[in-house]
Amino acid sequence: MSDQAWLVTLAVVLGGAGTSLLLPHRQGTTKARTAHFVGGILSILFAVVTLWLLRPTPGVLSGLFFYLFAASSVLGAVLMVTSVNPVHSALWFAAVVLATTGLFVLAGAQFLAASTVIIYAGAIIVTFLFVIMLAQSRGTALYDRTARFPSRATVSCFALLWALLYSLVMVGGREGEAGTRPTGEPGLVRMGRMVDAAGQQHPEQVAAVLSQAVPQRSRLSENEEGVLPGVGPRHVAGLGGTLFTDHLISVQVAGVLLFIALVGAAAIATPKLPVRPRPGLRD
Amino acid sequence: MASEPFGFDLLTSYLILGAALLALGMLGFLTRRNLIVMFLSAEMMLQGVSLTLVGFGRYHGTWTGQVLTIMILTVAACEAAIALVLVLVLYNRRHSLDVSLWQDIRDPGQPPVVDRPEEAEPLEPSRGPETYPQLTTAGIEPAHPSLSTTERRD
């Protein structure tokens, strides 16, 4: 196997061992504190090896922020899954969401980052915390301190992670690796330019259909090298332009879904006593 | 940042992070028995998928990835509302957030999942009132140095 594949295997083994040590269950006669310490070290090594697999942009500041957000999302995820107290789990999930939001900003999706912070970290997590406060478990209950089949679950989930990471690192991109780069010129990766180039090679009817497939409004406003020129007001206007024209039906269906969820939640949360006929009353 | 080209290696990095979040969320969903933590793990799987979608959308130069992520956000909000209401209803029935209490709605004929306290993580005993900080009772003047009250300067 190649270098990248060995790194992937190492990452998965470290992650599996660290997470299964951190999960809440009794580790034989080992003290919980020792198991947590060793599991924590292994999880940090898992995060380090996973970061070693990443190849962010060569810019210093953006690469630094990318590594920062990536590390906090992976470590926050491990800590969220293995926390005994459910309030701690909810707070680590908030940290994961904020790290993911940072990665959205690095990918040029600023509106999505802002709306994710507002909706996820602002509304959904607060609702979770309210429900946890109502249930008042505090992490001392038996069902919080027990993990269900931790070894089987760890093996299967990290086998899935190994399969995903292996197929991601083995498909091209790095020098001297087995695998194929995406064929074609780099500029043709962009959907818009691929459609334009295909449209020029074919007769006019096919070109007309192809130009309707990926119209100008559904393309990011990039320049020739695939760089988004600025982060000005064009961003939200462009997103709105494609959202309400190309995906109008989806938006309407999402609105109906929200309404149904609202009505359903209100109906389920306020149970009424059933109306029973009085005994002795006959029609 | 957005002012740099989004190459294949950066896309692979986003996909790796999305895969990691998905696998860890799946681990939390399968392992934990608290209803709320199970649901939080499912939400984390959705976050991993959102990262993948945003990466692909930026790589191919279309808005579609971000639009699909907005749909995921909407569906996750609806799902959170209804799931938490259902969790509250279930909690009102049994006064516990344990999902093993509802095993009888599985397929019939499955072996029951039994709770074994010796497999649980040992509970750290919380320190009692003897470790609380000792404060002076209100109304009792604490001991002063030998200066009288007229000569003290504080």
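Trainee: Let's start with a cysteine. Is Cys78(B) buried or exposed?

Mentor: Keep in mind that we're looking at a predicted model. Cys78(B) has a relative accessibility of 6%, and the cut-off for that class is under 20%. So Cys78(B) counts as buried.

Trainee: And Cys157(A), buried or exposed?

Mentor: Go by the accessibility again. Cys157(A) comes out at 0% relative accessibility, and anything under 20% falls in the one class. So the word for Cys157(A) is buried.

Trainee: How many disulfides does the structure hold over all chains?

Mentor: A disulfide is a covalent bond between the sulfur atoms of two cysteines. To count here, a pair of cysteine sulfur atoms has to lie within 2.5 Å. Over all chains, the number of disulfides is zero.

Trainee: What about the fold of chain A: how many helices are there?

Mentor: Read the elements of chain A from the N terminus and you get α-α-α-α-α-α-α-α-α-α-α. Chain A has zero strands, and its helices number eleven.

Trainee: What percentage of the residues in chain A is buried?

Mentor: Chain A has 283 residues. Its accessible surface comes to about 15,600 Å², with 70% of that belonging to carbon and sulfur atoms. As for the buried residues, their share of chain A is 42%.

Trainee: Which residues have the most contacts inside the largest nonpolar core?

Mentor: In soluble globular proteins, nonpolar side chains tend to be buried together. Here the largest nonpolar core has 92 residues, and α1(B) gives the most to this core, with 13 residues. The residues with the most contacts inside the core are Leu161(A), Tyr14(B) and Met44(B).

Trainee: Take Met44(B), then. Which residues of chain A is Met44(B) in contact with, leaving aside neighbours within four places in sequence?

Mentor: With those neighbours set aside, Met44(B) has contacts in chain B, namely Leu21(B), Leu24(B) and Gly25(B). The contacts of Met44(B) in chain A are Ala77(A), Met80(A), Val81(A), Phe93(A) and Val96(A).

Trainee: Met80(A) is on that list. Is Met80(A) buried or exposed?

Mentor: Met80(A) sits in helix α3 (residues 60-82) of chain A. Beyond its neighbours within four places in sequence, Met80(A) is in contact with residues including Trp92(A), Phe93(A), Val37(B), Leu40(B) and Met44(B). Its relative accessibility is 0%, so Met80(A) counts as buried.

Trainee: Now the charges. Which residue forms a salt bridge with Asp246(A)?

Mentor: Side chains of opposite charge can pair when their charged atoms come close. For Asp246(A), the closest N and O atoms of the bridge are 2.7 Å apart. The partner is Arg217(A).

Trainee: How many residues apart in sequence are the parts that this pair ties together?

Mentor: Asp246(A) lies in the loop between α10 (234-243) and α11 (248-269), while Arg217(A) lies in the loop between α9 (204-213) and α10, so the pair ties together parts whose separation in sequence is 29 residues.
Relative accessibility is 33% for Asp246(A) and 42% for Arg217(A), so either residue falls between the 20% and 50% cut-offs, and the class for Asp246(A) and for Arg217(A) is partly exposed.

Trainee: Which residue does Arg33(B) form a salt bridge with?

Mentor: The structure holds two salt bridges over all chains. In the one with Arg33(B), the closest N and O atoms are 2.8 Å apart. Arg33(B) is buried and its partner is too; that partner is Asp98(B).

Trainee: Where does Phe149(A) lie?

Mentor: Phe149(A) has a positive phi of about 50° although it is not a glycine. At 43% relative accessibility, Phe149(A) counts as partly exposed. Its place is the loop between α6 (142-145) and α7 (150-170) of chain A.

Trainee: And His95(B), buried or exposed?

Mentor: His95(B) also isn't a glycine, yet has a positive phi of about 55°. You'll find His95(B) in the segment after α3 (64-94) of chain B. With 56% relative accessibility, His95(B) counts as exposed.

Trainee: Last one: which residues form the nonpolar patch on the surface with about 360 Å² of accessible area together?

Mentor: Start from Ile41(A), in helix α2 (residues 32-53) of chain A. Ile41(A) is partly exposed at 40% relative accessible area, and patch members need over 30%. The patch is made of Phe37(A), Val38(A), Ile41(A) and Leu45(A).

How values were computed: Residues numbered from 1 in each chain as written. Chains lettered and ligands numbered in written order. Predicted model: local features only at pLDDT ≥ 70, side-chain atom pairs only at ≥ 80, totals over all residues. Heavy atoms only, no water. Patch = residues over 30% accessible without salt bridge, like charges linked within 9 Å, V, L, I, M, F, W, Y side chains within 5 Å. Areas by Shrake-Rupley, 256 points an atom, 1.4 Å probe, with all protein chains shown as cover. Salt bridge = Lys/Arg side-chain N within 4 Å of Asp/Glu carboxyl O. Helix = DSSP H or I, 4+ residues; strand = E, 2+ residues; numbered from the N terminus. Buried < 20%, exposed > 50% of the residue type's maximum accessible area, 1.4 Å probe, protein only. Core = buried A, V, L, I, M, F, W, Y, C linked by side-chain atoms within 4.5 Å. Contact = heavy atoms within 4.5 Å.
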